[in-house]
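Let me put the structure up, and then I'll walk you through the parts I'd like you to look at.

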Amino acid sequence: MATIKELSRKPELLTGGHRLCAGCGASIAVRQVLLGANDQVIAGSATGCLEVSTTPYPFSAWKIPFIHNAFENSAATMSGVEAAYQSLVRRGKIEKKMKFVAFGGDGGTYDIGLQSLSGAMERGHDMVYVCYDNGAYMNTGIQRSGSTPFGAATTTSPAGKVRPGKPQQRKDLTQIMAAHDIPYVAQASISHWKDLVKKAEKAFSVDGPAFINVMAPCPRGWRTPNEMTIEISKIAVQTGFWPLYEVEDGEWKLNFKPKELKPITDFLKPQGRFRHLFKPGNEHLLETAQAEIDKNWSRLKKRCGVE
Amino acid sequence: MAKTATKQKIVAMTGNAGCALAMKQINPDVVAAYPITPQTTIVEEFANYVANGVVDTEYINVESEHSAMSACIGASAAGARVMTSTSSQGLALMWEELSIASSLRLPIVMQTVNRALSGPINIHCDHSDSMGARDMGWIHLFAETAQEAYDNTIMAIKIAEHKDVRLPVMSMHDGFITSHAIDRFEVLDDADVKKFVGDYMPKHSLLYNPNEPVTFGPFAMPAFYYEQRKQLRVAIDGSKDIVMKVTDDFAKLSGRQYGLFEEYRLDDADVAIVVLGSTAGTTRYVIDAMRAQGVKVGMLKLRVFRPFPAEEIAQALSKLKAVGVMDRSDTVGTLGGPVYVETKAALYNSKQRPAMQGYVYGLGGRDTGPDQIETVIGDLVKVVKGEESPREAVTLLGVKE
């Protein structure tokens, strides 16, 4: 992998001036992923913050060819682009080596776009799919998604008198994608840029589909200060809320192994969306959250052969 | 008509096999499709061509029709010549993508084998699927026979990709009636089709010139959205001339001349039926029989439904005394079927115009025999004779009371 000095000299493919919020994790995720590409990249995005903020007509922040189609189909759309590429190369109409990446938020990936993603991965297109996971439908005003953590208050799972935020645990999308038995699946965080760029590099280099799930906090939805984005993503990793791992040709590998996990409250406490969990009488909810982390962490370690 | 095609072959095959054959001869860069009755045999037949190396198309077996149209949009934006096929629920599932394809001005060609929309679920022919998609900015061509389905498929490519059109085209034929019945028709030589459709090179694409990157599908707020929708109207209105230019070029090649619509025994007619799809054949048969009895009846068979040739239709029908419009789909909650409503509206500002009645027929594959056409003509004659006033309410033909 390139050094940080070399990476700093790489041209920015997503330029500044886009309208994403200060402290948004999505653009950081995109820029780190694109740093892992060494060939011409064609990008696409599902409808969402990333898309509306980077392409307000007549402007575009993308310095590479880019397509947005709709919400649930960024994988299917990019699979069409990739198929066109294979065809046009075969017919001698294009020679340049190109790579393909589709981005989607957790709403467009865990929920409405899961079928389209699963289909594209199963068909074996030579493309990378990147989910920038901020744990809710942030673009439409912080509604609950399949990725929203247990207990989080969103506008459709508010913390009320009888319901303390989202009652369900999150869906483990990375493992669902690993079950597709594609060449490369990884979970990464914008706080661990070296790990993420390396994973992106691997994803772009494999022959066939690759999937990366990237922790990309949303200060608006999480009720965290803008300047805390990187720090809170780091805490997500340190608490085991967001373990860093990869599945390369079926081999599971844990990329970050702390001696001991920090308590999940370190991740929950700074976020306004979990404030209600810290009220007296809600201790059992914090215990439930911790128990879920412990269970998942122990399962993941077993899968990765770590004791 | 003199034709320039070196040779044509007479074949006996189904309408679907004819469409698959046309697709083979076109050899598109990408096909993304999902099976659905009664379209399935098109994609099966095409899969055979792919499996046997007869074509070198990149064939994407998507997991749904929504993804079929999504992948077609991606592939077309990438710069490829793209085709697909669907019916009924499949078209309904594509709904969201249809207006994105036309708004992005992507020349995707889709065989739409007409089948009734659920519910109740039904697999047989009516036009409720494509008629439900009539305002999505696609060009709509209707075929009466397997010959027309085959011919329209080839012409659709040229129309869609024309630099002044750049719009997707839906090419319709009737489920089971045309799709699964074996018909006798003429097919062009592979080389003639290849030459006719030519090479495709889009002006803008994702792949051809990545050094000058293009963003497809940006976010257009109130300051820009309206103008883009206007451009779509201008494009589809203007496509009428291109449709006819391609149609005339095709006639020079094949000897088969089509129009925006066909006028059958309309010159001296007092009454006429407006219809599209396979029922035009039955109508022609009934007209000949009634002409023999001295009834001056004709037919206007619509081929191009979008862009709707309102001016030409008004001109063709204005001198008649009574016209019955037959729709194989119902637009519930309004005056009648879509062809009726639009034909009637097309004539509103004519100084001279016929009395008009709307008929719905054949929903969900209900058989439409000559008796129903005779009923319509009989009704129109009564109106002409002053024995009945033109009906305001739509008449449902062949429905059990």
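Let's begin with the sheet that involves both chains. It's an open sheet of nine strands, and the order is E8(A)-E7(A)-E5(A)-E6(A)-E4(A)-E3(A)-E1(A)-E2(A)-E9(B), with mixed pairing. The edges are strand E8 (251-254) of chain A and strand E9 (215-216) of chain B, each of them pairing on one side only. Keep in mind that this is a predicted model.

How do E2(A) and E9(B) pair, parallel or antiparallel? They go in the parallel sense, over two bridges.

Strand E4 (residues 128-133) and strand E6 (residues 210-215) of chain A run parallel, with six bridges joining them. One spot to look at is Asp133(A), which sits opposite Met215(A) in E6(A). Packed on this sheet is helix H4 (residues 74-90) of chain A, which touches strand E1 (40-45), strand E2 (66-68), strand E3 (98-105) and E4 of chain A. The direction of that helix makes about 175 degrees with that of E3(A).

Next, the contact between the two chains as a whole. Here 38 residues of chain B are in contact with 38 residues of chain A. On the chain B side, strand E2 (30-33), strand E3 (58-61), helix H3 (65-78), helix H4 (88-103) and E9 each give two or more residues. Which of them gives the largest share? That's H3(B), with 10 residues. By class, the chain B side that touches chain A has 22 nonpolar, 10 polar and six charged residues.

Let's stay in chain B. The chain is divided into domain 1 (8-254) and domain 2 (262-396), and the C-alpha centres of those two domains lie 28 Å apart. Between them, 25 residues of domain 1 are in contact with 20 residues of domain 2. On the domain 1 side, helix H5 (128-132), strand E6 (139-142) and helix H8 (225-254) of chain B each supply at least two residues. H8(B) gives the most, five residues. That side of domain 1 divides into 11 nonpolar, eight polar and six charged residues.

There's also a helix pair in chain B I'd like you to see. Helix H1 (residues 15-26) and helix H6 (residues 146-161) of chain B pack at an angle of about 25 degrees, their axes 8 Å apart. Angles under 35 degrees count as roughly parallel, so H1(B) and H6(B) are roughly parallel to each other. The crossing is right-handed. Among the residues making the contact are Gly15(B), Gly18(B) and Leu21(B) from H1(B), and Ala146(B), Ala149(B) and Ile157(B) from H6(B). By class, this contact has 10 nonpolar, three polar and no charged residues.

Last stop: the other sheet. It's open, with six strands in the order E10-E12-E11-E14-E15-E16 of chain B, and the pairing is mixed. Strand E10 (261-264) and strand E16 (395-396) of chain B are the edges. Strand E15 (residues 355-360) of chain B runs parallel to E16(B), joined by two bridges, and Val360(B) has Leu396(B) as its bridge partner. Helix H12 (residues 370-385) of chain B lies across E11, E12, E14 and E15 of chain B, at about 150 degrees to E14(B).

That's my tour; over to you.

Conventions:
Residues are numbered from 1 along each chain as its sequence is written. Chains are lettered from A and ligands numbered from 1 in the order in which they are written. This is a predicted model: local features need pLDDT of at least 70, side-chain atom pairs count only at pLDDT 80 or more; totals for chains, interfaces and linings use all residues. Domain bounds come from an automatic or database domain assignment. Two residues are in contact if their C-beta atoms, placed from the backbone, lie within 7 Å. Helices (H or I, at least four residues) and strands (E, at least two) are DSSP runs, numbered from the N terminus. Ala, Val, Leu, Ile, Met, Phe, Trp, Tyr, Cys and Pro count as nonpolar, Asp, Glu, Lys and Arg as charged, and the others, Gly among them, as polar. Two strands pair if DSSP finds at least two bridges between them. Axes are lines fitted to C-alpha atoms, for helices over the stretch in contact, and angles run from 0 to 180 degrees between N-to-C directions. Angles under 35 degrees count as roughly parallel, over 145 as roughly antiparallel, 65 to 115 as roughly perpendicular and the rest as oblique. A crossing is left-handed if the near helix is turned anticlockwise from the far one by less than a right angle, and right-handed if clockwise.
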